[in-house]
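Q: I would like to learn how to read a few features of a structure. Please show it, then take the features in turn.

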Amino acid sequence: MTNKWFRAVGLSVIVAASLWVPQALADELRIGFLAPATGSLAQIATDMTNGFRMYLDDHKGDFHGAKITFIVGDTEAKPAVAVLQAEKLIKQNHVNMLIGGVLASTGYALAPVSTREKTVYISSIPASDNLTQRDADKYPYFVRTGWTSSQPSHPFGEWACKHGYKKVVTIAADYAFGYEVVGGFQKTFEACGGKIIQKMWPPINTVDYSPYISSIKADADTVFILPVGAGTLQLPQQLMEAGIIPKMHLIGCGTSFDEFILPHMGDEVIGAISPLQWSAALQTPKAVAFVKEYRAKFGKVPSYFSESNYTTAMIIDAVMQETHGKWPGGEQFIKLLTALKVEAPRGPISFDDMRNPVQNIYIRQVEKKQMDGYPNAELWNVVIQTYPQVSQFWTFNEAEYLKEPSYTRDYPPCKYCE
Amino acid sequence: MKGHRKPLAVLALLFAVAVLTPHTTPFVLLLVTRILILAILAMSLDLLLGFTGIASLGHAAFLGLGAYMTAILAVRYNFGLGWGFPLVILFGSLLGAATAALFGLFALRARGVYFLMITLALSQCVWGLAYRWDSLTGGDNGLNLPGRPVLGVIRLGNDTAFFYLVFACFAVSLLALYLFVQSPFGKSLVGIREHEVRMRILGYNTWLHKYIVFVVSGAFGGLAGVLWAHVSSEVSPDDVTLATSVDVLLMVVLGGPGTLFGGVVGAAIVVFLREYLSTLVPWWQYVLGGAYVLAILYLPDGVLSIFRQRPPPLAAGPVSAEALTPSPGPGDELKINQGGIE
């Protein structure tokens, strides 16, 4: 009996000890950072955190008087986990804002949390179109420092059509991000006279693409790829093994050849063209300096995931400059943030009235060469054309665009598929 | 130990939880709410695993169905956000039961590891539906609920109010399941667990008994799902994955299968270790892993066995129906005799 009670008491001591709550310091800015630190997107999480940390370290954790407390939560790339982590950061760690997430589904899950908890959520990566489009009113505490999925696709569709690409087959990850990237491309590409003749949707984390590759239509001249997760390296390799490269042109979403994975890729991606708001090969002084510092610090070329979060830190710092380091409250913070114009490594950024960045979109081609005085020939996303100050609505009429259905698996319909 | 002590201890514990939780931090309140919901699911699984002796890897399906039904009604039909909510709870349970009735027809033809595989496959079908039926379920994006229900002056958007709703559902489930397993029917399940052939020889339609318990289990799974949809206001295919089923199984095993309340303890341990400890230390996964290993090595009958004395020897006269813990061991044969068979 005594033994039993002894154990019971021990158990309750452990429970009581675990209820200890860390105290919040006064006069500080608490930032909750959500990244998928475990799982197939772990490399991306590292890039994101490093980008943000670099800006923090450069400024010694002090944004114009606000002392930054930086707390990372692991989303495991699952929306449900992200929601709980967000609630934890808000309720337990009392953060002033949330930043991060990767997958579109995580963005869709976190936006309502920001509304419910009246806490600012800065989406540095999740690009789900509707959060700053058709649903923007529902999420007043939501602001984006990254991009919408279809933002680079719109200019790219036009570019591809003008540069003689005619019949395109798409292989894109089977979720919102894939639909929106492909949908945006299809819209402008077909409006200009191009044809999407086949759309394939392998699941996220597909590793073996051979069944999809073997069914690529022979009369296509271009393959558009968007793998997500584990198979990002495999898809171009398998395309090469199957002889699709170099028979057809290789194009894709910017993330398919992003610097988080580019150093690990082989010669099969040389010549691949993709659009994004960032390239580590950008030749502006800011970009070159950013790449240099990041490389020296982390031994790796910064990806768009790094740049986007570095820039996010920079933007928060800019807001804090206006408030002299005082937290202005969520609503005021959003107001101040969206009125900013900043010079980021990626180029000039301003915000539209739906809280999404207006920014340059770069059409980039993968080349193997020496750049910026680095010793070896490496793969770089060399910028071949710049579309300056692209909004998420491209050249469309905003009101009409918003009346159209969102891009999905079946929209826009594939008119030229058989 | 006297038979009535354990229900009393459980009652006292529940009372303490109900009174104290709202006075802790908001995050602890949220975690306890989640624990209670998962506890309903774990108890429903315990009916199968602990009492009937059939392990299912498909319990996420019932949770998912209840959750998706709630979300779809709320998002697509704007139903269940007011006084319709009690109906949603009812529908959720019925949907869970109906699905279990369907799944049971396939799954209960097998036993052991084959039953495990079939339940896994069936729950993957539900996952597939959630992931692929875009127009209804929102696919990979999932569904965001517009908010928690408002019942007159009671706004469940308030975390404390929602906690009490969940607590009430939990308490009713615990009581119902307790009465269920204490009934002669419940005893017949233990008989099936211990020796199904003998039960059949004694004239029991064991298939029907298992089928009924499977349906009951599904109903409570569906109920947990309805609450689950509202706790995070978000439903996604992740809720229906194998990982969820395994989690629930772990909770039951960790807490103590065949004890009903073990599932509650297991849910509390898993959720607190995972969600709370992770806020304090970065190496929480090792603690969780260590806890699993230690529990299996030293408490193979679950954490609740700390409070249990050695099973009484067979000759010790009439065995009191050990309230919440019909322990596997020599005592069982006697209990069966007391309960179902005669």
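Q: In which helix is Arg274(B) found?
A: Helices are DSSP runs of H or I with at least four residues, and strands are E runs of at least two, numbered from the N terminus. Arg274(B) belongs to α11 (residues 261–280) of chain B. This is a predicted model, in which local features need pLDDT of at least 70, side-chain atom pairs count only at pLDDT 80 or more, and totals for chains, interfaces and linings use all residues. Residues are numbered from 1 along each chain as its sequence is written, with chains lettered from A and ligands numbered from 1 in the order in which they are written.

Q: Is Arg274(B) buried, partly exposed or exposed?
A: A residue is buried with 20 or more other C-beta atoms, placed from the backbone, within 10 Å of its own, exposed with 12 or fewer, and partly exposed in between. Arg274(B) has 17 such neighbours inside 10 Å, so it counts as partly exposed. Its C-alpha atom is 7.0 Å from that of Trp284(B), 10 residues apart along the chain.

Q: Why is α9(B) described as largely enclosed by the rest of the structure?
A: Because 21 of its 27 residues are buried. In chain B as a whole, 51% of the 342 residues count as buried.

Q: What span should α9(B) have?
A: The expected span is 1.5 Å times one less than the number of residues. For α9 (residues 206–232) of chain B this gives 39 Å, and the end C-alpha atoms are 39 Å apart, which agrees. Just after α9(B), Ser233(B) has a positive phi of about 55°.
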